[in-house]
Amino acid sequence: MHTKCRTPLISTVHFKRQLSSSSSLSPETTQLRALSLKPNPSLSSSTLRNPASALHPDTAGFYSHALKISAKMGLLNVGKQLHSRLIKQGLNNVLPLQTQMLNTYVKCKQFSDAEKLFDQMRVRNLVAWNTMICKSNLHMGFSYFKKMLINNVGFDHITLNSLLRASSEVFDVVLGRELHCFTVKLGFLYDSFVSGALVNLYGKCGLVEEARWVFDQVSCRDLVLWNVMVSCYASDSLTQETFEVFDLMKKEGVKGDDYTFCSLLKSCCSWGFYELGRQIHDLIIKLAFDLDVHVMSALVDMYVKNGNLYDARNVFDGMTARNVVSWNTLIVGYAQHGDVEKVMELLREMRLQNFCPDELTVSSIIQSCGDSSTSAELLQVHTYAVKNGFESFLSVANALIHVYSKCGNIDGALQCFVSISEPDLVSWTSLIGAYSFLGLSKESIIVFEKMLATGVNPDQIAFLTILSACSRGGLVNEGLHYFNMMMSDYRIIPDSEHYTCLVDLLGRAGLLEEAFNVLTSQSAECTPDTLGAFIGACNIHGNMILAKWAAEKLVALEPNKPVNYTLISNMYASKGRWLDVASVRKIMTDHCNYKIPGCSRVEVAADVMCSPQMIISPETLDI
């Protein structure tokens, strides 16, 4: 049983001699002194009245307290100064102080210094070994664990829990399984603390069956273990299993906490579980969890993801306390639905209530501006982002690139890209898509090649973007080259969207037989989008035989979708076959519901929309 030792506050220290001091103190030292001078509520009034009982600056208690603060605040320079003082005072071999110094180095990520200090320790207890294992990376932690076993040093549940936690952070299920066998052999599997870490590891790696097996082996489960199991199912969108564990939890008399209800609400974010989420809402009110800001934020998120913004706003308005997460959740909801007016209204209200938007808030607002193509709001939000330093965040910069391309302003998109010090894959893909969106296929290829030259490996989305650019520009050879590169060089298996781009690329170039061979190959799947692209190509090049074959398959896949019948009707109309057009229209009326006519809004702004003469070439990128 570990006990915490109460230490008097440093402000009551009476120095026997004047310590040497420099005229200027480092910021770290000033910060440490300010923290040390804060009143300590653990002190008794007798300690405050009796200065003689306070800590002396050269005592072990003083250094222990100072090292704790240095480790907590990450003050490496101060920690090194204290280490020097320990050596001068002859306290460097005191085991508790060595352990505190070790903790300071490890928390400040100075692993080489920590290893040197650990090797110099004459005596090492379990706390020292656990410090090296708990705070270091996975490789270093396992290295010291092996040394523990070789030196016959006893270990405890903290050691195993730290190794399992490190394995889950890097999703290393192989090492996790080895630790699982180790815990079974030594009887640690029945420890709720170790089992919780093991369930969490399997859950993060998607092995929910193994996680449940470990969970069932523990006879005496605490609330943390129940929460880990509920969260494991919720993270994998297994809503039914999540509530089965919750029901079992209630039968055993375990009351859930805020973490439990957040996980339950997360599992209800999938389509089809909306009513179950409403029942959890009622239970939250019954158990008085409606005063918890985290639970209510999760409830707002549940309603948002189920498309019910009305109830989401009602829950938000009824919250007694809010945080930035609450505001972001509702703003993201309105942004995803393209309601830029509500988004801007929430931003103004958020600032009036003295909440500072973060990068998620700003990037979500920018995305909403792009979805509605409102350039005036985009300029306002961009100005706000620049003034408040949000433009340096990758998420904000990438959102700006994407939205400027949607507004037709490739100049603004390129300038935002250039402002990023270290563009990531999303940044490059957004710029490639910006040029592709405006039909500048060759420029997209230039950017893609520059991305490869910088050592950034493309993913499925990047290849989909460049294939789409080649399709729009009719660059058949280039498109086939990148399609083959994706499979041979990067081992990426094409999905239906890649095959749709390939069929569209070949079809637009008049290579209908080649496109037909792709459609009928075993690797490609005939999706509605792929068939629609093929029908459009057949319509352009007048091949009614292949078009009719694709149309029959399309209607069989989606018989109740009006756009499919419209596509076939237009195909017949282009050939003057009006009887067939009337027949298709009648079938569409019988099988499909009435479709509300679409409408659009275009905002003209000369200062935002970019003319072809203003387009900046990607060749100007300095890489």
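Is Ser 267 buried or exposed? Ser 267 is buried: its relative accessible area is 0%, which is under the 20% cut-off for that class. Good morning, colleagues.

Leaving aside residues up to four places away in sequence, Ser 267 touches Ala 234, Thr 239, Thr 242 and Phe 243.

I turn next to confidence. For the protein chain, the mean pLDDT is 78, and 82% of the residues reach 70 or more. Over residues 1-26, however, the pLDDT is below 50, although this stretch has 35 contacts in the model beyond near neighbours in sequence. Residues 28-56 also have a pLDDT that stays under 50, and here the model has 46 contacts beyond four places in sequence. Where pLDDT is low, predicted coordinates should not be read in detail.

Now to backbone geometry, with two residues in loops. Ala 288 is not a glycine, yet its phi is positive, at about 65°. The residue sits in the loop that runs between helix H16 (274-286) and helix H17 (293-305). With a relative accessibility of 46%, Ala 288 counts as partly exposed, because that class lies between 20% and 50%.

The second residue is Arg 491, which has a positive phi of about 55° and is likewise not a glycine. Its loop lies between helix H28 (476-488) and helix H29 (496-508). Arg 491 counts as exposed, because its relative accessibility of 70% is over the 50% cut-off.

For residues 424-458, the end C-alpha atoms are 10 Å apart, with 74% of the span in helix and 0% in strand.

Finally, I would draw attention to Glu 345, located in helix H20 (residues 340-352). At 33% relative accessibility, Glu 345 counts as partly exposed. How far apart in space are Glu 345 and Ile 331, C-alpha to C-alpha? The distance is 9.5 Å, while the two residues are 14 residues apart in sequence.

To return to the opening question, Ser 267 is buried, and its contacts include Phe 243. Thank you for your attention.

Methods:
Residues numbered from 1 in each chain as written. Predicted model: local features only at pLDDT ≥ 70, side-chain atom pairs only at ≥ 80, totals over all residues. Heavy atoms only, no water. Buried < 20%, exposed > 50% of the residue type's maximum accessible area, 1.4 Å probe, protein only. Contact = heavy atoms within 4.5 Å. Helix = DSSP H or I, 4+ residues; strand = E, 2+ residues; numbered from the N terminus. pLDDT = per-residue confidence, 0-100.
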